[in-house]
Amino acid sequence: PLPAEALSIELPATAAPEPVSSIAVSVTEDEVFINGESISAGALPTKLDALARTSHDTSVVVRADFPVKHDRVSKTLSAIKKAGFTRIALAVGSDD
């Protein structure tokens with residue numbers, strides 16, 4: 001085989017791929033954070049609606065502290081879905 005340096009190949013130009021972005025939602029026992037910003041429970045739907053208007057195709061990654069009750073996480077997921085986001089992931093830690 002020929003070394004790659006020996007071949008003169010002109011590769012086609014392409015546009016740079018758009019960076020994959022995601023919205024980080026973190027749930028603690030006391031607060032919910034969106035991209036690091038603390039959001040009150042009452043303001044959560046409004047904030048999510050505003051984000052969905054500009055980036056509804058963006059992935060939302062939800063992280064919850066271990067002691068957070070299932071109901072709190074479930075309500076947060078419901079608010080995310082109601083805002084129109086369809087790409088939702090739950091972040092999990094390792095057992096290590």
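In which sense do strand 1 and strand 4 pair, and over how many bridges? Select residues 22-27 for strand 1 and residues 59-64 for strand 4: they pair in the parallel sense over 6 bridges. Bear in mind throughout that this is a predicted model.

**Stop 1: across the sheet**

Stay with this pair and pick single residues. Ser 22 stands opposite Ser 59 in strand 4, and Ile 23 has Val 60 as its bridge partner there. Now step from Val 60 to strand 5, where its bridge partner is Ile 88. Strand 5 covers residues 88-90, and its pairing with strand 4 is parallel, with 3 bridges.

Strand 1 and strand 2 run antiparallel and are joined by 3 bridges. A hairpin of 4 residues links strand 1 to strand 2. To see one of the contacts in this pairing, select Val 25 and its bridge partner in strand 2, Ile 34.

**Stop 2: two faces of strand 1**

Show the side chains of strand 1. Which residues make up its covered face, and which its uncovered one? Ile 23, Val 25 and Val 27 are on the covered face, while Ser 22, Ala 24 and Ser 26 are on the uncovered one. In a regular strand, side chains alternate between the two faces of the sheet.

**Stop 3**

Select Thr 28, in the loop between strand 1 and strand 2. Is Thr 28 buried or exposed? Its relative accessible area is 19%, and the cut-off for buried is under 20%, so Thr 28 counts as buried. Leaving out residues up to four places away in sequence, Thr 28 touches Phe 33, Asp 65, Val 68 and Arg 72.

**Stop 4: Val 62 in strand 4**

Move to strand 4 and select Val 62. Val 62 is buried, at 1% relative accessibility.

**Stop 5: helix 1**

Select residues 44-55, which form helix 1. Helix 1 has 12 residues, and from first C-alpha to last it reaches 16 Å, close to the 16 Å expected at 1.5 Å a residue. Colour its buried residues: Leu 44, Leu 48, Leu 51, Ala 52 and Ser 55. Why do they sit on the same side of helix 1? They cover an arc of only 105 degrees around the axis, which puts them there together. An α-helix has 3.6 residues a turn, so residues three or four places apart point the same way.

Turn to the other side of helix 1 and you will find Thr 46, Arg 53 and Thr 54 exposed. The cover over the buried residues of helix 1 includes strand 1, strand 2, strand 3 (37-39) and helix 2.

**Stop 6: helix 2**

Now select residues 70-82, helix 2. Together with strand 4 and strand 5, helix 2 makes a right-handed β-α-β unit. The 13 residues of helix 2 should span 18 Å at 1.5 Å a residue, which agrees with the 18 Å between its end C-alpha atoms.

The buried residues here are Val 73, Thr 76, Ala 79 and Ile 80. Their arc around the axis is only 120 degrees, so they are on the same side of helix 2. Their cover includes strand 1, strand 2, helix 1, strand 4 and strand 5. The face turned away carries the exposed residues His 70, Lys 75, Lys 81 and Lys 82.

**Stop 7: the core**

Finish inside. Which residues have the most contacts within the largest nonpolar core? Select Val 25, Ile 34, Leu 48 and Phe 85, in a core of 18 residues. Strand 1, strand 2, helix 1, strand 4 and helix 2 each supply at least two residues of this core, and helix 1 gives the most, with 4 residues.

Centre the view on Ile 34 to end. Apart from neighbours within four places in sequence, Ile 34 is in contact with residues including Ile 23, Val 25, Ile 39, Leu 44, Leu 48 and Leu 51.

Note on methods
Residues numbered from 1 in each chain as written. Predicted model: local features only at pLDDT ≥ 70, side-chain atom pairs only at ≥ 80, totals over all residues. Heavy atoms only, no water. Pairing = 2+ DSSP bridges. Right-handed = clockwise from strand over helix to strand, strands pointing away. Core = buried A, V, L, I, M, F, W, Y, C linked by side-chain atoms within 4.5 Å. Buried < 20%, exposed > 50% of the residue type's maximum accessible area, 1.4 Å probe, protein only. Contact = heavy atoms within 4.5 Å. Expected span 1.5 Å × (residues − 1). Arc of directions from axis to C-beta.
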